Amino acid sequence: MAAFIIRRLAQSVFVLLAVGLVAFGLFRFVGDPVDNMLGQERTMADIARVRAELGLDQPFLVQYARFLQGAVQGEFGVSYRLARPVSEILLERAPATLELALISAALAIGFGVALGVYTAIRRDGWLASVVMTVSLIGVSLPTFLIGILLIWVFSVELGWLPSFGRGETVDLGGWRTGLLTESGRRALILPAITLGLYQMTLIMRLVRSEMLEVLRADYIRFARARGLAERSINFRHALRNTLAPVITVTGLQLGSIIAFAIITETVFQWPGVGLLFINAIQVVDIPVMAAYLMVIGALFVLINLVVDILYVAIDPRLRADRTAAAR
Amino acid sequence: MTDVSENAIPENAIPENAVAEHAPGPIAERPTGRFARALDSDLAWRFRRSPLTVVAALVTVSMILAALLAPWIAPHNPHDPASLNLMNGFTPPMTANAFTGAEFLLGTDDQGRDVFSAILYGLRISLFVGFAAVGLAMLIGVTLGLIAGYVGGWPDTVIMRVADVQLTFPAILIAMLIFGVAKGFTPPELRNEMAIWVLILSIGLSDWVQFARTVRAAAMVEAKKDYVAAARLVGRSKAAIMLRHVAPNAMGPVLVIATISLALAIIAEATLSFLGVGAPPTQPSLGTLIRIGQRFLFSGEWWILLFPSLTLLVLALAVNLLGDWLRDALNPKLR
């Protein structure tokens, strides 16, 4: 177990270094930000001054060292587009994305597991088939079309919910939350559904297939033969044993939710990190792109690490396998 | 080079030979022409038996044809400003314009551009990017997969490590990042012209892992077989064995992955273009058209948004269905 964790940690550090290299490569080799910042009217003196300010006149190694040192401390330089420190912008935008992602994940897990169990138990029921068919469409629909569709129905036609922004927010010591105001909660509904729907269908289908497999197992038949209540069999015996793979996939999906938040945030003009990233790509705002890359890389590595360790911790059968595979 | 090895390669590798053995009817009755034999195959029989798949194939083929023939089918050329009349702006579908009396099948956008023509030309770009991106992903993935599976050793370790790392990130995120990086590298004055190629590169690079993993697994199985040993015995070079013997026999599952990848690539392209980091406004793809149409959602011009979205949806669904069917049809376990 310890050897496995150390191996995974080493691998994580390696991945992070690779991501850091890509991020630094962006800085060092991509375009000249001075053009973007100064516009058409500029003198050679202006250009030289801004280059010196940004440290672009330094040699490669110095810049690399400065970048790594800064990245570790959370310093990613100044955004070319917004002319403000990137770390400041990221911190300001992070609560919006995290709130959206967590609410979506909760929706996806809650409804996903519930519907998965339902469709597995009532396998031949009409409602279960309806749910399965709808989920098939949900998987095929691109995220941004789901968002547009929801806006169309609930904002344009029915006028029930806002179509963009976060509504009113309350500042809790640096964390701007939209969860405490009426308009903030209303504004969250459509984006959260858009972002969570795909993950929900995924979790639902996974729970269903795992559950169907477990329900066929011998110990379930024995439990039934022992006269246990159907409810107890389904939830205490069957569901519990389907949860290991579900936890892995759900954990990995958490990363996807944060990545797909880019799309949802653009559709709903949600002022989060994803929208920031898309705007950065559009104008090639390198510091923001590099910072996003580093942060998302670190987040993914962390999630994967936790999921891997959790998986081994939950399922004792894997411990032997993993250590054998590690040799 | 001896030709002894020719016997080792099944002549028409996949999928015909995999299927020919199971084809119905005694051998004597079977047709001999290549085309006739294909029609007689198991795969074709399964295809005819699944109406949904036939519909999906028809939809896909007609969309590809419509895209190819767009300059001849489209009533207008949406890229030619001379053919636009601003007076025709916002004409609803199948209704005569109040000023000019012109009628448009699917209406017009704010600049009087025929939505139907724009979709046809958009389909062209979407499909081109989709096919090219899958082609690139296939080229990279199959090559690396063959090397990893047949050569083994450290190249295998390096390739698979990179694949593992890439697989932990969603493909769309990787495509976005590559797009951003590549956009940064292209000089600003060429960005619009290069955007399509950058798009192909980023989607292609984000999607090679599945190909590599599958081909690697297949190549590892093939490498242990007798015909490879025989080829080695007659003295063919490692590269020749890999390309002429192992590769054709490891290609079966690639067709399935390519089809499913095509659907994914079309959606990825649409998503990127919708986000404004894909096809430029000068060469609008379906995603760009949806991006444009979204602006008119609140003012009531629904057709500018609806028709490109429906086209994308139907295309993605049809290709997806084809891919699913192909996966089941070529899976020996499900026979």
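# A tour of chains A and B

Start by selecting A:Glu92 and A:Arg84: the two form a salt bridge, with the closest N and O atoms 2.9 Å apart. A salt bridge here is a side-chain nitrogen of Lys or Arg within 4 Å of a carboxyl oxygen of Asp or Glu. The model is predicted, and local features need pLDDT of at least 70, side-chain atom pairs count only at pLDDT 80 or more, while totals for chains, interfaces and linings use all residues. Residues are numbered from 1 along each chain as its sequence is written, chains are lettered from A and ligands numbered from 1 in the order in which they are written, and side-chain values use heavy atoms, with hydrogens and water left out.

**Stop 1**

Now colour by accessibility. Buried means under 20% relative accessible area, exposed over 50%, and partly exposed in between (1.4 Å probe, protein chains only). A:Arg84 is partly exposed at 27%. A:Glu88 is partly exposed at 41%. A:Glu92 is partly exposed at 44%.

Next, select A:Asp218 and A:Arg221. Their salt bridge has its closest N and O atoms 3.6 Å apart. Both residues lie in helix 9 (residues 218–225) of chain A, three residues apart, about one turn of the helix. Helices (H or I, at least four residues) and strands (E, at least two) are DSSP runs, numbered from the N terminus. A:Asp218 is partly exposed, with a relative accessible area of 48%. A:Arg221 counts as exposed, at 56%. Over all chains, the count comes to five salt bridges.

**Stop 2: A:Arg176**

Select A:Arg176, in strand 2 (residues 175–177) of chain A. A:Arg176 is partly exposed, at 37% relative accessibility. Show its contacts, meaning heavy atoms within 4.5 Å. Leaving out residues up to four places away in sequence, A:Arg176 touches A:Pro95, A:Glu99, A:Arg166, A:Thr169, A:Val170 and A:Asp171. Then draw a distance from A:Arg176 to A:Met200. The two are 24 residues apart in sequence and 27 Å apart in space, C-alpha to C-alpha.

**Stop 3: aromatic pairs**

Show the rings of Phe, Tyr and Trp (its six-membered ring); they pair if their centres lie within 6.5 Å, and planes under 30 degrees apart count as stacked, over 60 as edge-to-face and the rest as tilted. The structure holds five aromatic pairs over all chains. Zoom to A:Phe144 and B:Phe274. This pair is stacked, 4.5 Å centre to centre, with 20° between the planes. The pair crosses between chains, from helix 7 (residues 143–157) of chain A to helix 13 (residues 252–274) of chain B. A:Phe144 is buried, with a relative accessible area of 0%. B:Phe274 is buried too, at 2%.

Move to A:Tyr198 and A:Phe260. Their pair is tilted: 6.3 Å centre to centre, 50° between the planes. A:Tyr198 lies in helix 8 (residues 182–215) of chain A and A:Phe260 in helix 10 (residues 230–267) of chain A, so the pair ties together parts that are 62 residues apart in sequence. A:Tyr198 counts as partly exposed, at 28% relative accessibility.

**Stop 4: the interface**

Show both chains. 36 residues of chain B are in contact with 36 residues of chain A. The chains bury about 3200 Å² between them, 82% of it on carbon and sulfur atoms. Buried area is the accessible area (1.4 Å probe) that two parts lose on being put together, summed over both.

Which residues of chain B lose the most area to chain A? Select B:Leu177, B:Leu275 and B:Leu297, together 15% of what that side buries. Across the interface, the rule finds zero salt bridges.

Now colour chain B by element. Those that give two or more residues to the side that touches chain A are helix 7, helix 8 (171–185), helix 13, helix 14 (286–294) and helix 15 (303–330) of chain B. Helix 8 of chain B gives the most, with ten residues. By class, this side of chain B has 24 nonpolar, eight polar and four charged residues. Ala, Val, Leu, Ile, Met, Phe, Trp, Tyr, Cys and Pro count as nonpolar, Asp, Glu, Lys and Arg as charged, and the others, Gly among them, as polar.

**Stop 5: B:Gln166**

Finish on B:Gln166, in helix 7 (residues 153–168) of chain B. Is B:Gln166 buried or exposed? B:Gln166 is buried, with a relative accessible area of 14%. Beyond its neighbours within four places in sequence, B:Gln166 is in contact with B:Ile174, B:Leu205, B:Ser206, B:Asp207, B:Trp208 and B:Val209.
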